[in-house]
Amino acid sequence: MNAPQKSAARAPLMSLDAAMADLLGRVEALTAVETVATFDADGRVLAEDLVSALQVPPNDNSSMDGYAVRVADVTETGVVLRVSQRIAAGHAAQPLEPGTCARIFTGAPMPEGADAVVMQEDTVEVGGDIHAVHIQAVPEAGQWVRRAGEDVTRGAVVLARGQRLAPSGLGLAASLGRARLSVKVRPRVALFSTGDELVMPGEVAPEAMKPGAIYNSNRFFLRALLHRMGCEVSDLGIVPDRREATLAALKTAADHHDLILTSGGVSVGEEDHIKPSVQQLGSLDLWQIGMKPGKPFAYGSVRRDAGAGPAASTPCHFIGLPGNPVSSFVTFLLLVRPFLLKLQGVPVDGVHALPPPVKLPAHFSVARADKRREFLRVRRNAAGGLDLFPNQSSGVLTSAVWGDGLVDNPAGTTIARGDLVSYLSFSDLLA
Ligand code: AMP
Ligand code: MG
């Protein structure tokens with residue numbers, strides 16, 4: 001299905017939802033798993049259900065520094081109870097003698113027979129030889145007691161296979177005694193930039209830039225975004241604008257990677273070497289997606305060498321992002337992110353690949369409707385509304401830095417000040 005350029009130009013726009021469903025339909029989760037230290041598992045995708053072998057917390061324990069009592073012994077304020085034992089966190093308790101209390105600290109196990117804790121602030125020590133306290137507040141049963149298993153019950157699936165681990169998940173896995181976790185392997189991604197105008201920062205000083213030259217900015221955010229998505233990145237830099245070099249780079253990359261990601265050179269009518277080279281080594285579909293920014297997008301595959309080991313039977317995925325920086329950034333968040341999640345075994349499907357939007361009032365207006373679904377760069381303001389970045393051009397990367405998210409504005413829709421619009425935060429799109 002290698003669409004010739006002319007028909008691609010005339011083809012009706014494909015909806016983003018259709019593109020997403022098509023793209024996700026072409027990716028299977030990687031099957032390989034590895035075991036990593038829980039310390040190193042942030043952002044990794046679990047390859048096993050984590051079933052708790054114990055209760056968390058393991059025993060009833062105090063959530064305050066104070067005195068453990070039997071509620072039946074404290075029916076009115078001012079009762080005096082002898083302190084019959086002292087229980088610190090990490091130490092075992094003796095059964096509580098009736099008519100006495102136990103000095104207890106946060107996290108210490110409740111003594112058998114006690115059913116509440118009176119916080120230290122509600123007690124006064126009685127002077128003299130006998131260690132005793134005045135209880136100045138009548139406790140309710142269960143007060144300041146954390147129940148055994150209130151966090152996790154034995155046998156519960158605490159974290160499910162396919163879940164992407166966040167820092168809180170590492171702590172929870174550790175609370176079950178897990179020092180190592182079985183996770184999906186990281187997708188191996190080869191990253192290329194295309195375009196003869198591109199120059200690497202550091203190689204040419206700003207004042208020495210030739211006319212028409214620009215710095216390669218996409219390489220920087222794409223590499224960082226791939227790392228955030230848990231990928232192993234081979235950054236192959238700017239591919240020289242020669243057929244042989246392009247073919248060689250694609251061939252080598254295909255053997256050792258799960259995805260080749262490029263930016264630039266997918267617009268209709270563009271002359272570059274990536275398109276014909278991918279077509280020669282596999283297949284390439286050029287999509288015109290009804291979204292703004294980010295209309296041109298390419299999906300394809302590159303055959304692997306027969307010597308590429310067990311992976312040789314499946315081709316390497318190819319995704320070509322548009323060159324305009326904001327288009328590249330937005331298509332990564334909306335399309336490549338769910339693709340990479342699915343590749344790592346996270347259950348994503350169709351339109352659910354996007355985080356649920358939040359409805360917020362627009363503190364701006366868009367008078368002219370666009371025929372494409374627009375993703376406007378906006379920022380939340382202190383009044384609870386959204387401000388619009390004044391320049392929405394797909395080349396203006398400042399909009400993505402100034403903004404903290406996107407408004408998902410349906411095709412053909414104007415926005416009046418005060419309208420509730422669908423807001424997707426960059427932090428949700430990067431989670
Ligand atoms: P293209 O998609 O190759 O037609 O590029 C569209 C626009 O994006 C052109 O103005 C390119 O100069 C620019 N562009 C392409 N690649 C990059 C890149 N890596 N960094 C910054 N701008 C780029
Ligand atoms: Mg180009």
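Reply: A residue is called buried when its relative accessible area is under 20%, exposed when the value is over 50%, and partly exposed in between, using a 1.4 Å probe and protein chains only. The model is predicted, so local features need pLDDT of at least 70 and side-chain atom pairs count only at pLDDT 80 or more, while totals for chains, interfaces and linings use all residues. Residues are numbered from 1 along each chain as its sequence is written, chains are lettered from A and ligands numbered from 1 in the order in which they are written, and side-chain values use heavy atoms, without hydrogens and water.

Because its relative accessibility is 16%, serine 301 counts as buried. It belongs to strand E20, residues 296-302. Helices (H or I, at least four residues) and strands (E, at least two) are DSSP runs numbered from the N terminus.

What does serine 301 touch, apart from its neighbours within four places in sequence? With contact meaning heavy atoms within 4.5 Å, the list is Val278, Leu281, Gly282, Ser283, Pro315, Cys316 and Phe318. For one of these, proline 315, the C-alpha atom is 5.9 Å from that of serine 301, although the two residues are 14 apart along the chain.

The loop leading from strand E19 (291-292) to E20 contains proline 293. The peptide bond from lysine 292 to proline 293 is cis, with omega near 0 degrees. In general, most peptide bonds are trans. A cis bond is found, too, between valine 56 and proline 57, where omega is near -10 degrees; proline 57 sits in the loop between E2 and strand E3 (61-62).

E20 is one of the elements packed against by the buried residues of helix H2; the others include E19, strand E18 (282-288), strand E21 (316-321) and helix H7 (325-343). H2 covers residues 16-25, and its buried residues are Leu16, Ala19, Met20, Leu23 and Leu24. Seen down the axis of H2, these fall within an arc of 125 degrees, so they line one face of the helix. The arc is that of the directions from the helix axis to the C-beta atoms.

Helix H3, residues 167-175, can be read in this way as well. Gly169, Leu170 and Ala173 are its buried residues. They cover an arc of only 105 degrees around the axis, which puts them on the same side of H3. The face turned away from that side carries the exposed residues Pro167 and Ser168. The buried residues of H3 pack against strand E2 (50-51), strand E11 (157-159) and strand E12 (180-184).

Tryptophan 144, between strand E9 (132-135) and strand E10 (145-146), has a positive phi near 60 degrees. Most residues other than glycine have a negative phi. Because its relative accessibility is 33%, tryptophan 144 counts as partly exposed.

Last, the whole chain. It holds nine helices and 26 strands, and buried residues make up 48% of its 431 residues. Of the contacts with a separation of 6 or more, 70% join residues 24 or more positions apart. The C-alpha trace spans about 95 × 60 × 45 Å along its principal axes.
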